[in-house]
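The sequence and structure are shown here.

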Amino acid sequence: MQARKLSFIGAGNMPRSIISGLVNGGYDPKLITASNPSTPKLDALSKDFGINTTQSNVEACEAGDVVILSVKPQIMAATCADLIEKTSLDGKIMVSIAAGITTDRLIEMLGDYDQVVRTMPNTPSSLSKGMTGLYAPDSVAQSDRDFVAHVMNHVGKTLWVKEDSQINTVIAAAGSSPAYLYLFAQAMQDEAIKMGLSKDDSRLLVQQALLGSAEMICHNPDLEISELRAQVTSKGGTTHEAVRTFQENNLEAIVSKAMQAAVARAIEMSSDF
Ligand SMILES: NC(=O)C1=CN([C@@H]2O[C@H](COP(=O)(O)OP(=O)(O)OC[C@H]3O[C@@H](n4cnc5c(N)ncnc54)[C@H](OP(=O)(O)O)[C@@H]3O)[C@@H](O)[C@H]2O)C=CC1
Ligand SMILES: O=C(O)[C@@H]1CCC=N1
């Protein structure tokens with residue numbers, strides 16, 4: 001696929017993760033520009049990945065064929081207003097990675113410009129192990145959809161959803177979920193430390209168990225996740241006791257509530273911003 005120039009508006013954690021995955025995956029850094037008001041993150045991006053940087057969002061927007069709006073949802077409206085006032089978007093694909101900004105709202109923020117793709121990536125993109133959900137309205141040509149997916153495929157896997165609202169499910173299941181897994185990992189590490197192991201040894205046990213378990217899910221697509229759990233759970237054994245404890249304390253209900261809370265917040269943000 002023919003390379004295109006990519007510009008990131010905002011240079012925080014998430015765009016850094018994507019840029020890292022892109023450059024390490026072979027995307028030409030000379031084709032990537034990022035803008036940010038303060039310089040330390042830009043300097044680090046320039047030093048670590050050799051991309052172009054600028055403190056001007058307008059300059060970055062003008063440099064890109066595909067412009068990835070990577071600011072916080074709270075300032076998306078003001079950022080878009082500034083861009084459409086000062087430059088033309090004609091011919092550009094505008095991609096949002098922001099949580100809680102619907103596609104219709106994004107089009108409105110961009111002065112009815114409808115060449116937009118809404119995406120929801122996650123931070124493991126920095127290791128090219130990301131997961132990105134994508135949605136585009138009918139106004140976006142197939143070749144442009146394919147290009148945006150091609151970019152995000154550099155940093156992991158992609159999934160197109162049919163409805164804009166399904167991006168909220170992507171947020172709950174993949175965009176926010178690394179934080180749930182880190183919370184779980186942290187709690188396990190802390191408990192192993194309390195049981196007497198060093199911090200480093202505790203971390204090693206937890207990280208390798210998480211990595212191996214994730215790989216087991218990936219490498220056994222024909223096995224239900226519940227079956228993988230059953231393979232660990234010997235009758236009358238230790239795992240049974242641990243899983244029973246989780247279930248008696250409503251782990252499934254807690255996970256459901258947490259994912260619903262993420263979706264509820266995304267819906268709330270779409271009316272707030
Ligand atoms: N973090 C994550 O896991 C994920 C985040 N997202 C989405 O990504 C977007 C960015 O999040 P994240 O990278 O985590 O946020 P960060 O807080 O890490 O970064 C926000 C960045 O925006 C910069 N900024 C502030 N004002 C402007 C402006 N007017 N123009 C351009 N840049 C500006 C800040 O610069 P300065 O440092 O100078 O203030 C900062 O570098 C959000 O919309 C979020 O919903 C989506 C999926 C996952
Ligand atoms: O917490 C957030 O709002 C963003 C979106 C998904 C992950 N981080």
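## Asn250

Asn250 counts as exposed because 11 C-beta neighbours lie inside 10 Å; exposed is defined as 12 or fewer other C-beta atoms within 10 Å of a residue's own, buried as 20 or more, and partly exposed as in between, with C-beta atoms placed from the backbone. This is a predicted model, in which local features need pLDDT of at least 70 and side-chain atom pairs count only at pLDDT 80 or more, while totals for chains, interfaces and linings use all residues. Residues are numbered from 1 along each chain as its sequence is written, and chains are lettered from A and ligands numbered from 1 in the order in which they are written.

The loop between helix 11 (238-248) and helix 12 (251-272) holds Asn250. Helices (H or I, at least four residues) and strands (E, at least two) are DSSP runs, numbered from the N terminus. Asn250 is not a glycine, yet its phi is positive, near 60 degrees. Most residues other than glycine have a negative phi.

## Ser128

Ser128 also is a residue other than glycine with a positive phi, about 60 degrees. Ser128 lies in the loop between strand 6 (116-120) and strand 7 (130-135). Ser128 counts as partly exposed because it has 17 C-beta neighbours inside 10 Å.

## Annotated span

UniProt, in an unreviewed entry, lists residues 5-100 as "domain: Pyrroline-5-carboxylate reductase catalytic N-terminal". UniProt annotations may be inferred rather than shown by experiment. In the model, residues 5-100 are 42% helix and 20% strand, and their end C-alpha atoms lie 26 Å apart.
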